[in-house]
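The following exercises are meant for a reader new to this structure. Each opens with a task and continues with a solution in steps.

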Amino acid sequence: MTKILKSFPIVILITLIIQFCGLLKSVFLSKEFGASNELDAFYLANILTVSIFSVITAAISTVLIPNMVDKKKTSQSTTNYMKVLFFISVLLSLIVVVFLFLFRDLINPNFSEDINKLFFQMILILVISQFFRIASSFYLSLLQTDNEYILSRFPNIIPAILPILYLLIGKNINMEILVIVIFCSYFLEMIVYYFVAKHKDKSNLTWVKPEPIPFRQDSEAKSMLRNTLPIIAGSAVFQLQILIINYLAGFFGSGMITILSNTNQIVGIFQGLLISNVFALVYPNIVRAVKNSLNEGKKRIENYIYLTNTLVIMVVWGYASVGKDLVYLLFYRGNFSKDSADFIYMFGLILIMGLPFSVIRDYFYRFYYAIDNTSKPTANTFLTVVFNLLCLFILQFFMGEFSLVLSTSLGTIISLFSIIKKLNKDEYRFDYRNLAISYIVLNAFGFCLFLITKFLGITSDNYLLNLAINSFIFIICFTGVLFLFRKRVLVFLKSIR
């Protein structure tokens, strides 16, 4: 845990760079193209390819890390396992590409023939580039298993920075060239990961190349694949939900896919900075704690929930306080209208309000992963996706475009209660009472900070000034309370080491 705490600030800094670059990319593209069909085509192509391959990359990290924690070494089984995943990826890619080609005229009702052609070209390039990301995910998992948190994140800067350099240097921005730059950046990321892993000297992990074992005789690889298939199925239906939501967004008008994508970019900053980083850092420790003792593991997970949600709930109220000025500052320029920026703020607020429930649910999922049970989280994901889509189809008649995000937040809450029910049935009960009390208390505290910020803050036509002063007030108030209770905070931090 000490290494995690020492690495966390640097990992946060790396994530800040990555998220800032991603945000800049969205800002530059929105300014250049506005909420247009051309930009919708780019975002839809990117969402499609990332969603398809996220199914595989999520499975790699979730299954490999527990296996490596146990074995303390790479093996031929790992190689066999990765070969099967690559085969699945190729097969899945071919199916998707053929399907999109056959039904290219039905991709979006607002796309012209030229936009459809551009969309398909981008899909082909981005699909190939995602294979590099699969290899990168493999090396990332090995480095994280060996507690190399900084090294495992550093190469991710490459695909974040290169597209920004093109947008800054290029005079006439061309979508096809941008996609080629993204392709090259993923390739370079994979190469850097390879050399980092290859030349890693001081390692607790043994890097071995044993004699080949045919997959049919490889019981370890088969076991890993059995644990992977439910994760792939769960991730697939979840990503399918994302694709359906983005597809349906096109029916609410031109530019709505761009608005939804920019919203996810804003929310993704907070998810990337806090939730994703925390999960990446603590997951190996959760696995070790659970395998050592179930009670110890459950207690460790509860403490991680308290810590993570303290930060996340403050982000919720911080966004409520200063989020509109942030969105205006970033997107209300060039061809991007104020009405579109208002949609981004409201969409973001609805999605961010669901993050604390997502944190608790995802920690419970990792408890199941740690005990080599991937089927229960997968079944829960299926239930969540079905609920989300039903909710979306019903709410669209009453809430219009807001149903795109409201259905997701409601589904997160339902999925949390569903996984709790499964935990209780399996007699893995957590301290739900204290978790609920902490949620209520933290939100009450956050609401007070929101009121103080609104009372002491400023409202002017200078969005940068508003954002700077109001954020300063919110952060100072939050820091002041932490300082008053610093002894309890220090005791808590020591308890989770």
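A salt bridge is a side-chain nitrogen of Lys or Arg within 4 Å of a carboxyl oxygen of Asp or Glu. The model examined here is a predicted one.

**Exercise 1. Salt bridges**

Determine how many salt bridges the whole structure holds, and describe the one between arginine 133 and glutamate 189.

*Solution.* 

Step 1. A search of the whole structure gives 4 salt bridges.

Step 2. In one of them, the side chains of arginine 133 and glutamate 189 meet with an N to O distance of 3.2 Å.

Step 3. Arginine 133 belongs to helix H4 and glutamate 189 to helix H7, so this pair ties together parts that are 56 residues apart in sequence.

Step 4. Burial is judged by relative accessible area: under 20% is buried, over 50% is exposed, and values in between are partly exposed. Arginine 133 has 26% and therefore counts as partly exposed, whereas glutamate 189 has 1% and is buried.

**Exercise 2. Two further bridges**

State where the partners of the bridges glutamate 296 with arginine 300 and lysine 376 with aspartate 426 are located.

*Solution.* 

Step 1. The closest N and O atoms of glutamate 296 and arginine 300 are 3.8 Å apart. Both residues lie in helix H10 (residues 294-331), 4 residues apart, about one turn of the helix.

Step 2. An α-helix has 3.6 residues a turn, so residues three or four places apart point the same way.

Step 3. Glutamate 296, at 30% relative accessibility, is partly exposed; arginine 300, at 15%, is buried.

Step 4. For lysine 376 and aspartate 426, the closest N and O atoms are 2.7 Å apart. This pair links distant parts of the chain, with lysine 376 in helix H13 (residues 375-399) and aspartate 426 in the loop between H14 and H15, 50 residues apart.

Step 5. Lysine 376 has a relative accessible area of 24% and is partly exposed. Aspartate 426 is partly exposed as well, at 25%.

**Exercise 3. Aromatic pairs**

Classify the ring pair of phenylalanine 132 and phenylalanine 183, then that of tyrosine 368 and tyrosine 428.

*Solution.* 

Step 1. A pair of aromatic rings is described by the distance of the centres and the angle of the planes. Rings pair if their centres lie within 6.5 Å, and planes over 60 degrees apart count as edge-to-face. By this rule there are 20 aromatic pairs.

Step 2. The ring centres of phenylalanine 132 and phenylalanine 183 are 5.4 Å apart and the planes stand at 70 degrees, so the pair is edge-to-face.

Step 3. Phenylalanine 132 is in helix H4 (residues 113-145) and phenylalanine 183 in helix H7 (residues 175-198); the pair links distant parts of the chain, 51 residues apart. Phenylalanine 132 is buried at 15%, and phenylalanine 183 is partly exposed at 25%.

Step 4. For tyrosine 368 and tyrosine 428, the centres are 6.4 Å apart and the planes at 80 degrees, so this pair is edge-to-face.

Step 5. Tyrosine 368 lies in helix H12 (residues 355-370), while tyrosine 428 lies in the loop between helix H14 (403-425) and helix H15 (432-456), so the pair ties together parts that are 60 residues apart in sequence. Tyrosine 368 is buried, with a relative accessible area of 0%; tyrosine 428 is partly exposed, at 21%.

Step 6. Both tyrosines belong to one aromatic cluster, formed by Phe364, Phe367, Tyr368, Tyr428, Phe430 and Tyr432. The charged end of lysine 298 sits over the ring of phenylalanine 430, 5.8 Å from its centre.

**Exercise 4. Positive phi**

*Solution.* 

Step 1. Most residues other than glycine have a negative phi.

Step 2. Glutamate 427 has a positive phi, near 65 degrees. Glutamate 427 is located in the loop between H14 and H15 and counts as exposed, at 62% relative accessibility.

Step 3. A positive phi, near 60 degrees, also occurs in aspartate 372, which follows H12.

Terms used: Residues numbered from 1 in each chain as written. Heavy atoms only, no water. Phe/Tyr/Trp six-rings, centres within 6.5 Å; stacked < 30°, edge-to-face > 60°. Helix = DSSP H or I, 4+ residues; strand = E, 2+ residues; numbered from the N terminus. Buried < 20%, exposed > 50% of the residue type's maximum accessible area, 1.4 Å probe, protein only. Lys NZ or Arg CZ within 6 Å of the ring centre and 35° of its normal.
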